[in-house]
Structures are given as structure tokens and as C-alpha cells.
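Dear colleague,

Please find the structure below, handed over for your use. The findings follow directly after it.

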Amino acid sequence: MAEVRVNAEVKDLTRIERIGAHSHIRGLGLDDALEARAVSQGMVGQAPARKAAGVILQMIKEGKIAGRAVLLAGQPGTGKTAIAMGMAKALGEATPFAMMAASEIFSLEMSKTEALTQAFRKAIGVRIKEETELIEGEVVEIEIDRPATGSAAKTGKLTLKTTEMETIYDLGVKMIDSMQKEKVQAGDVVAIDKASGRITKLGRSFARSRDYDAMGPSTKFVQCPEGELQKRKEVVHVVTLHEIDVINSRTQGFLALFAGDTGEIRQEVREQIDAKVAEWREEGKADIVPGVLFIDEVHMLDMECFSFLNRALENDMSPILVVATNRGITKIRGTNYRSPHGIPIDLLDRLLIISTQPYSEKELRLILDIRCEEEDVEMTDDGKELLTKIGKETSLRYAIHLITAASLIAQKRKSAEVEIDDIGKAYTLFIDVRRSIQFMTEYQDQYMFNEVQDDADMNGVDEQ
């Protein structure tokens, strides 16, 4: 009988998330004294800029000063967006961080000032505190009586216990349905919200750990709750002012949050919400959490938007504004006036400017090492040296793009490591900006609508 061979392909399921341009950033890479570490949390170099961002971060965390604005200015590919992403990661989930590109404002179906107002309110959080009553205990027994006739309602009893007491509760139809939906059984530790009736399974009691084989490896074991079954618990929710605006601006406003079609919100609605939030603050029910609004490519804004930003920054409810641009002295959009970074002088005067510098060859090598690790690519030292040289002569972004391309070329020849030849092949397949410009210059007359005319053509036009 012929031997049967089966080729089993095992796929790695641990890395299912997509890798982005800044997915390797985990924070700003600063120590407790706000000094920048050489390589930390995915950040490399730019020590003065990172230290300055750390000072701004400390100001945001204290939340005492509103209306400050920061400009991240530097050449393309010097890590401006990376610093902003590092700030977002360092602030954590509790602090709102709204991110947008300046050109988005012109493509939305609303006025520019409304789009900016919504962006500002997305970056201001409200920390709402409320006390809820919970019933928390281990399920000893659950009985559900199903009547023989279909017309009668289901009834049931639930026995819950803690380390100190045990109580029997009567269950209604809705509660029975919730129990069956959550698949609650004897030995589970559950928490029931008295106000909403929502059931949360906290885990399985340690007393039932002998049933582990029947439960499966993903089962979470918890201790039996102590004290009384009924407890008062303070719950903290952080919502943004924009979310409150949308919910109150129309009927079914909650659904508009998910659809993204928020539309323009009337000023009266915002004023009422601001008054209500101020009332909650006085009563101690809520706190304001000033966040960060990051506007990338800020030179794309026009004079109307810049005038609005000037006014908005004076508001005591405004977040910290962080803007970034890679432009030098250029025209302000929609005008003939030239200004540094394409931003009016009066707004520039309000900004704390953080400058980023080009990376050195050593820093480029460290960044490429981090990106190879992030993209799960094995590369030889010679390959990394060549890639660093390419990055120095062309651009860092181009060198990073070659990593995956070279890895795919190496896979075609069944190699586990990317070598110099693979990078060389990727370099010839995908040209960088400088080679593209050179190619265009050589073959410009073969392209349609070419605007660069050579001297011979120009002389012919003059003679006519």
C-alpha cells in the first residue's frame, strides 16, 4: 500500500492586528525626571523635542491650564506625528485625544467653524461619578419552573451566597431570560445591577476548581465575595462633550454617534449642556478632563479657521491644542501673504514651538531595527547596513517601505532572512522620489500636459 503524506500548514494566529506606520510607538520614552532615554517605548532620538513634549504632557495631566497650544515643526520624516502618538499613548485611555488632518475640515458637510468646534469638544472629557447598588455573590442554586401550558409565565428562584450570608431571590421573566442568555449556572460568581437588572459574570468560584477539566482552559476563577450581598459601588464614566452634544441634539442621537452622521449642532444645545456640566461640577458629580486636539498638516487651514482657533484658545473649556507642519515660509491658504509655516503671526505668537531635527545615521539604524521587529522580519546585519545607507541618501519612509517588500522577495526564494540581494532587488523595483524626478526630467517630453519646457522650445516661441 502506498504511503499517504499529509502536509499540515500551521499558521501563527498571535499577530492578527494590522501594522501601521506608528504602531511601534508605546509612549514618549521619558524617565521620571522627564529626561529622554536614547531608545525607549519605540522612540529614537529627538531628545529635546521629546523632553519638551513631556513637559506639555505633565501640564495636561495636571489639567489646571487651558488654552495652551503647541506647534511641532520640522522636515518631513523627522517624527512629528510619532511624538503626537507617543503623547496619546502616555496619556492613557482616560484622557481624550482627538486626532485629525486639517484638510478633513473642508470635506465635511458642515461649516468649517462647526467642524472645528466638534473637534474641540471631542477633546474635552467629562468624568461622571455615580453610585450604583449591586448584588454580588456566588450562585448556589438556580431553579426555573417552566409551566406545562404555554400561556403561564416562567418563574424561578436564585440562591446567592457570600462568605458571610446566603439569600434566596425570586426571579421574574426578564431576569430568567438574562440568566439563560448569560448561561449562568451553580458555581458562577455574578454581579447584578439593581437599577438596570444587568447581569455580569465575574468568573467561576474557586470552590468549583475541581470541575476544571469540564470547564476548559479559558475559565477564570475568582474568590467567593465577602461581606453582604448588596453593595454600593461608585462607578466612573468618562464621556466627551461632543458625545453629550450629539445624544442631546436630536431624537435617536445615540445612534448618530455610531453612524457618524452628527450634522450641525445648535449653539443653544451646547450652552444648556455646558450649564448642566457646570452644575454637576459644583455638586461634585463630575470633573472636567481637558484632553488634547492634534491637527496634522495645519498649513492646510485658511484664515477663517486660524481666526477661529485664536478665539477658541481663549475659552476656559478649551483643550491643549497640538498642531504639526512640515512647511517653511509659505503662503497662508487663500491669501497672498507669506508667513512662517503658513500660519498667521498672531496665532504663531500663541504657540509653544517644538522643533524636530533630521535623524543621524545611527538613529536611522535603531529605527529600522525597531521596524524590522514590529513587522516580524528577520534581516542580516549587512542588509540593515545597506537599508540604513538607503535611508540616509533617500528618506526614512522609503527605507521602511522596503522592509516588507524585501521580506516578500526573500520568501520567494525560501529564505528565512532578508539579505543584501533582496534589498537590492526591492530597490530596483520601487524607485524613490529623487530617481523619479530624474526619470521625469529625462523623459518629460513623452508625458502629456508637461509644463516644463526645454530651452529650445522656449527660444522658438520667442522668435515667433
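Three aromatic pairs are present in the structure, where rings of Phe, Tyr and Trp (its six-membered ring) pair if their centres lie within 6.5 Å, and planes under 30 degrees apart count as stacked, over 60 as edge-to-face and the rest as tilted. One of them joins Phe120 and Phe308 in an edge-to-face arrangement, at 6.4 Å centre to centre and with 85° between the planes. Phe120 belongs to helix α4 (residues 112–122) and Phe308 to helix α10 (residues 303–312), so this pair ties together parts that are 188 residues apart in sequence. Phe120 has a relative accessible area of 7% and is therefore buried; buried means under 20% relative accessible area, exposed over 50%, and partly exposed in between (1.4 Å probe, protein chains only). Another pair is formed by Phe439 and Tyr443, which is tilted because the ring centres are 4.8 Å apart and the planes stand at 45°. Phe439 is partly exposed at 40% relative accessibility, and Tyr443 is partly exposed at 33%.

Please note that this is a predicted model: local features need pLDDT of at least 70, side-chain atom pairs count only at pLDDT 80 or more, and totals for chains, interfaces and linings use all residues. Residues are numbered from 1 along each chain as its sequence is written, and side-chain values use heavy atoms, with hydrogens and water left out.

As to the chain overall, its secondary structure comprises 17 helices and 17 strands; helices (H or I, at least four residues) and strands (E, at least two) are DSSP runs, numbered from the N terminus. The chain has 464 residues, of which 40% count as buried. Where contacts in the chain join residues at least 6 apart in sequence, 65% of them link residues at least 24 apart, contact meaning heavy atoms within 4.5 Å.

Two packed helices are described by the angle between their axes and the distance between the axes. Axes are lines fitted to C-alpha atoms, for helices over the stretch in contact, and angles run from 0 to 180 degrees between N-to-C directions.

Helix α1 (residues 47–62) packs with helix α2 (residues 80–91) at an angle of about 35°, the axes being 10 Å apart. The crossing of α1 past α2 is right-handed; a crossing is left-handed if the near helix is turned anticlockwise from the far one by less than a right angle, and right-handed if clockwise. On the α1 side, the contact is made by Ala49, Arg50, Ala53, Ile56, Leu57, Ile60 and Lys61, and on the α2 side by Ile83, Met87, Ala90 and Leu91. These residues divide into nine nonpolar, no polar and two charged, where Ala, Val, Leu, Ile, Met, Phe, Trp, Tyr, Cys and Pro count as nonpolar, Asp, Glu, Lys and Arg as charged, and the others, Gly among them, as polar.

Helix α13 (residues 381–393) and helix α15 (residues 420–429) have their axes 8 Å apart and pack at an angle of about 30°. That angle makes α13 roughly parallel to α15; angles under 35 degrees count as roughly parallel, over 145 as roughly antiparallel, 65 to 115 as roughly perpendicular and the rest as oblique. Asp382, Gly383, Leu386, Leu387 and Ile390 of α13 meet Ile420, Ile423 and Tyr427 of α15 in this contact. By class, six of the residues are nonpolar, one is polar and one is charged.

Strand β12 (residues 286–290) contains Ile288, which is partly exposed at 21% relative accessibility. Not counting residues up to four places away in sequence, Ile288 touches Ile124, Gly125, Val126, Val277, Arg281 and Met317. Asp287 also has its place in strand β12, and its relative accessible area of 29% makes Asp287 partly exposed. Leaving aside neighbours within four places in sequence, Asp287 is in contact with Gly125, Val126, Arg127 and Lys129. The C-alpha atoms of Asp287 and Gly125 are separated by 8.4 Å, although these residues are 162 residues apart along the chain.

Finally, two backbone angles deserve mention. Most residues other than glycine have a negative phi. Glu297, which is not a glycine, has a positive phi of about 50°; Glu297 lies in the loop between β13 (292–296) and α10 and is partly exposed at 31% relative accessibility. Lys414 likewise has a positive phi, near 60°. Lys414 is found in the loop between α14 (396–412) and α15, and at 76% relative accessibility Lys414 counts as exposed.

Yours sincerely
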